[in-house]
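Colleague: Could you take me through this model and tell me what stands behind each label you use? I would like to set the values against the definitions.

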Amino acid sequence: MIAVRPKLAVIKFASCDGCQLSLLSLEDELLTIARAVQISHFAEASSRLEPGPYDLTLVEGSITTPEDRHRLKKLREDSKLLITIGACATSGGVQALRNFASHDDFMRAVYARPDFIETLATSTPIAAHVKVDFELRGCPIDKHQLLEVIASLLAGHRPRTSTESVCQACKRRGNVCVVVAQNLPCLGPVTHSGCGAICPTYDRGCYGCFGPTVQPNTVALSDHLLSGRVNESEAAMLMHGINAYAPEFATEGQRLWQLAGLPKTLHSSLQPARHEEPSA
Ligand code: SF4
Ligand code: SF4
Ligand code: SF4
């Protein structure tokens with residue numbers, strides 16, 4: 001059990017701030033949270049920023065600069081529990097597409113003076129650098145799952161977040177499957193649940209923003225996608241979306257690129273290793 005009025009920090013690395021906003025958009029519960037914890041460092045909400053140590057640290061964003069790598073190590077030392085929130089922090093985010101290409105080419109295309117930019121050649125998840133106590137997925141995360149994680153960890157037990165696939169949530173909502181009815185590509189069978197199957201509910205396929213589910217059969221899904229729905233490069237692009245560097249999607253995306261006749265492109269310093277669920 002953590003101390004009474006534990007200190008909470010919300011820290012950002014390379015990200016869009018959308019996952020932090022999920023905490024602020026908990027309108028009905030925010031005052032209760034503020035009474036249960038001391039919000040010590042949350043730059044999105046207050047300019048009063050206290051230094052660590054913290055009892056519970058929520059980390060948004062991926063590691064893309066040498067400075068951030070150093071900052072993260074210090075943050076880990078200062079945090080009793082460190083939770084990653086969102087696709088950027090858990091798999092490197094959409095910015096991890098650089099892991100499959102030349103970041104020099106990207107910088108030349110985007111910046112007038114790329115020589116002013118100090119960056120790593122890769123975007124990597126927080127768990128690639130320090131121990132993570134729990135990972136919450138999504139782009140952005142689901143605010144109710146965030147509430148469950150904060151409440152559970154403050155109470156000293158493992159959060160009860162589902163590990164099922166989007167398909168199961170989709171079926172429970174009574175949706176007509178967009179693959180069957182509309183022949184749309186959908187990553188629901190291999191994607192982690194948590195969103196309540198939002199996209200199929202609104203007649204579009206899931207594009208995997210919650211990342212791979214536990215033991216996803218990506219090869220079987222690809223076979224299905226390739227049987228008349230999309231070609232190899234389109235299937236590869238489906239895998240290489242917001243969670244492109246999540247190991248299961250990275251590996252399958254690379255295989256599909258090869259089937260499309262394109263070379264493997266993963267940055268030479270990286271290996272997509274199978275993801276281990278961190279324990280709380
Ligand atoms: S996971 Fe998505 S919403 Fe969250 S910070 Fe990254 S890009 Fe933004
Ligand atoms: S629409 Fe997608 S998520 Fe829903 S049941 Fe069909 S494949 Fe699964
Ligand atoms: S259905 Fe898929 S893409 Fe849409 S919000 Fe859910 S996980 Fe993300």
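Modeller: Gladly, and let me begin where the two domains meet: 15 residues of domain 1 are in contact with twelve residues of domain 2. Two residues are in contact if their C-beta atoms, placed from the backbone, lie within 7 Å. Please keep in mind that this is a predicted model, where local features need pLDDT of at least 70, side-chain atom pairs count only at pLDDT 80 or more, and totals for chains, interfaces and linings use all residues. Residues are numbered from 1 along each chain as its sequence is written, while chains are lettered from A and ligands numbered from 1 in the order in which they are written.

Colleague: What are the bounds of domain 1 and domain 2?

Modeller: Domain 1 covers 7-155 and domain 2 covers 166-259, bounds that come from an automatic or database domain assignment. Their C-alpha centres lie 25 Å apart. On the side of domain 1 that touches domain 2, helix 4 (residues 87-91) gives the largest share, three residues. That side divides into six nonpolar, seven polar and two charged residues. Here Ala, Val, Leu, Ile, Met, Phe, Trp, Tyr, Cys and Pro count as nonpolar, Asp, Glu, Lys and Arg as charged, and the others, Gly among them, as polar.

Colleague: How do you know what radius of gyration a compact globule with 280 residues would have?

Modeller: The rule is 2.2 Å times the number of residues to the power 0.38, with the radius taken over C-alpha atoms. For 280 residues that puts a compact globule near 19 Å, and the protein has 19 Å, so the two agree.

Colleague: What makes the phi of N183 and of D203 worth a remark?

Modeller: Most residues other than glycine have a negative phi, and most peptide bonds are trans. Phi of N183 is near 60°, and phi of D203 is near 65°; both values are positive. N183 is in the loop between helix 8 and helix 9 (198-201), and D203 in the loop between helix 9 and helix 10 (218-226). Helices (H or I, at least four residues) and strands (E, at least two) are DSSP runs, numbered from the N terminus. As for peptide bonds, a cis one joins G52 and P53, with omega about 5°, and another joins C139 and P140, with omega about 0°.

Colleague: Which residues come nearest to ligand 2?

Modeller: Of the 14 residues around ligand 2, they are C167, C170, C177, C186 and G188. A residue is near a molecule or strand if its C-beta atom, placed from the backbone, lies within 6 Å of it. Helix 7 gives the largest share of that shell, four residues.

Colleague: How far does the predictor trust this model, going by its average pLDDT?

Modeller: The average is 91, and 94% of the residues score at least 70, where pLDDT is the predictor's confidence in each residue, from 0 to 100. Over residues 273-280, pLDDT stays under 50.
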